[in-house]
Amino acid sequence: MLLNFNDGDPFATGAASYRYSQVAGSGDASRILVQIEVDGEPFEAILDTGGGYLLCSPELADGVAIDPDNALDDLWIRLPGFRMRGTLHRLPITLKSDGGDWGEDYTLEVTAFFPDPNQPLDVDSLPYSYLGMHCCMERFRFAVDPCPGEERFYFGACP
Amino acid sequence: MPATLRTSPTKCVHPLGFRYNASKTLDTRSKLRYRDDLPRYEKHALSVSNVRWLQAIRRRPSDPLFRLERAARLNSTAFVNALNSIHWKNVSAADFIRAIRMALSVGAHVAARRLAMEGADAHSNNTQLQKYARVLAPPKPLPKRERSNLQPKANIEWLKANRERYKGQWVAIKNGVFISSAPTYKALVAELGHPRDRGILLTPIY
């Protein structure tokens, strides 16, 4: 069941199950892993409300064609925890819903950061992409139901 | 010798040298009754320091981003403070771009966006600045698309059920159906060929 405001207006227009799991470098803390679709391909991404942009794993960056007219290349960027060289690019992503009663998908254009593969960066040190707040999640509503067995990520467009 | 200098352990702790700058707020200066109570070389050093200070002002670069560049070496807070002290009305497009790149490199992402927007407004003919404004703009919802055949829920259920079995491996699954596994991403890709355009999820399990 989707979330609504008291007056019946929808808060969320879609909801999806997510994985709550440990990831490389997180110690014994778990992270929320949601599934997104980029160019029709599924990827897992960590929900990171303290970060910025869609920080792409080398795996995601592997097949995405970068249009030079919409890319800022050879940039140094400081994000919490590290400084990296790479390219900023606009990218459409789709948040997948579970379908049926769980509403519909939501597609939006976000700013994605593609780390330069020529810098010392091991693929296994960045196995997931990160959905950051700035330039990515800042313009849609979201909520998380963390109850074990019922884990669900709700999302909906801002008016 | 004046009384105040007798009480201090040394006349001057610094040896006189080219890089010696006398402190202008020297504690002992306020205690001295006469200007001539200062040691001879301390007076000389004070005058040298004044000359250097004047020279520094004369030689200060006319570059409007001079202070911004210095602040960028410190931290994002200093950078944003320096940013707010600059009048951006007459700044060139190239300087806007330099400032945006600096902001990104210090982690001042909101400031970078603001600069990109202001720069694009001020230089509406500059294609580079328009591109910066477009890329750093807030996310934008896109029209609804036809729902694809991907079933994320099935993938997640499989991952939850098989976590222990494939721990430490990279796995390839499609709509909840296991395809393959390998110890590394590269090995898995080598085994599958290029997995794109097939709706296959490649993910590590910890």
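Strand β2(B) is mostly covered, with 4 of its 5 residues buried; a residue counts as buried if 20 or more other C-beta atoms lie within 10 Å of its own, as exposed if 12 or fewer do, and as partly exposed in between, with C-beta atoms placed from the backbone. The model is predicted: local features need pLDDT of at least 70 and side-chain atom pairs count only at pLDDT 80 or more, whereas totals for chains, interfaces and linings use all residues. Residues are numbered from 1 along each chain as its sequence is written, and chains are lettered from A and ligands numbered from 1 in the order in which they are written.

Chain B contains 10 helices and 4 strands. Helices (H or I, at least four residues) and strands (E, at least two) are DSSP runs, numbered from the N terminus. The elements of chain B run, from the N terminus on, α-α-α-α-α-α-α-α-β-α-β-β-α-β. Of its 206 residues, 24% count as buried. Contacts, defined by C-beta atoms placed from the backbone that lie within 7 Å, were also sorted by sequence separation. In chain B, residues 24 or more positions apart account for 49% of the contacts with a separation of 6 or more.

Strand β2(B) has two partners, where pairing requires that DSSP finds at least two bridges between the strands. With strand β3 (residues 177–182) of chain B, β2(B) runs antiparallel over 5 bridges, and B:Val171 stands opposite B:Ser181. These two strands form a hairpin with 2 residues between them, and B:Asn175 in the turn has a positive phi of about 45°. With β4(B), β2(B) is joined by 4 bridges, also antiparallel; here B:Ala172 has B:Leu202 as its bridge partner.

Helix α9 (residues 152–161) of chain B has B:Pro152, B:Lys153, B:Asn155, B:Ile156 and B:Leu159 as its buried residues. These residues lie on the same side of α9(B) because they cover an arc of only 160° around the axis, the arc being that of the directions from the helix axis to the C-beta atoms. An α-helix has 3.6 residues a turn, so residues three or four places apart point the same way. The buried residues of α9(B) pack against elements of both chains: β1 (14–17), β2 (19–22), β3 (30–38) and β4 (41–52) of chain A, and β2 (170–174) and β4 (201–204) of chain B.

Helices α7 (residues 109–122) and α8 (residues 127–135) of chain B pack at an angle of about 140°, with their axes 8 Å apart. Axes are lines fitted to C-alpha atoms, for helices over the stretch in contact, and angles run from 0 to 180 degrees between N-to-C directions. The crossing of α7(B) and α8(B) is left-handed, that is, the near helix is turned anticlockwise from the far one by less than a right angle (right-handed if clockwise). In this contact, B:Ala116, B:Met117, B:Gly119 and B:Ala120 of α7(B) meet B:Leu129, B:Gln130, B:Tyr132 and B:Ala133 of α8(B). The contact residues divide into 6 nonpolar, 2 polar and no charged; Ala, Val, Leu, Ile, Met, Phe, Trp, Tyr, Cys and Pro count as nonpolar, Asp, Glu, Lys and Arg as charged, and the others, Gly among them, as polar. The buried residues of α8(B) are B:Leu129, B:Tyr132, B:Ala133 and B:Val135. They pack against β6 (71–79), β7 (82–95) and β8 (106–115) of chain A, together with α6 (93–106) and α7 of chain B.

The contact between the chains takes 36 residues from chain B and 47 residues from chain A. On the side of chain B, α6, α8, β1 (140–141), α9, α10 (185–192) and β4 each supply at least two residues. Helix α9(B) gives the most, with 6 residues. By class, this side has 18 nonpolar, 8 polar and 10 charged residues. Strands also pair across the contact: 2 bridges join β8(A) to β1(B) in the antiparallel sense, with B:Pro141 as the bridge partner of A:Leu108.

In chain A, 3 strands form an open antiparallel sheet in the order β1-β11-β10. Its edge strands, each pairing on one side only, are β1 and β10 (140–145). Strands β1(A) and β11 (residues 152–157) of chain A pair over 4 bridges, and A:Ala15 has A:Tyr154 as its bridge partner.

Notes:
Contact = placed C-beta atoms within 7 Å.
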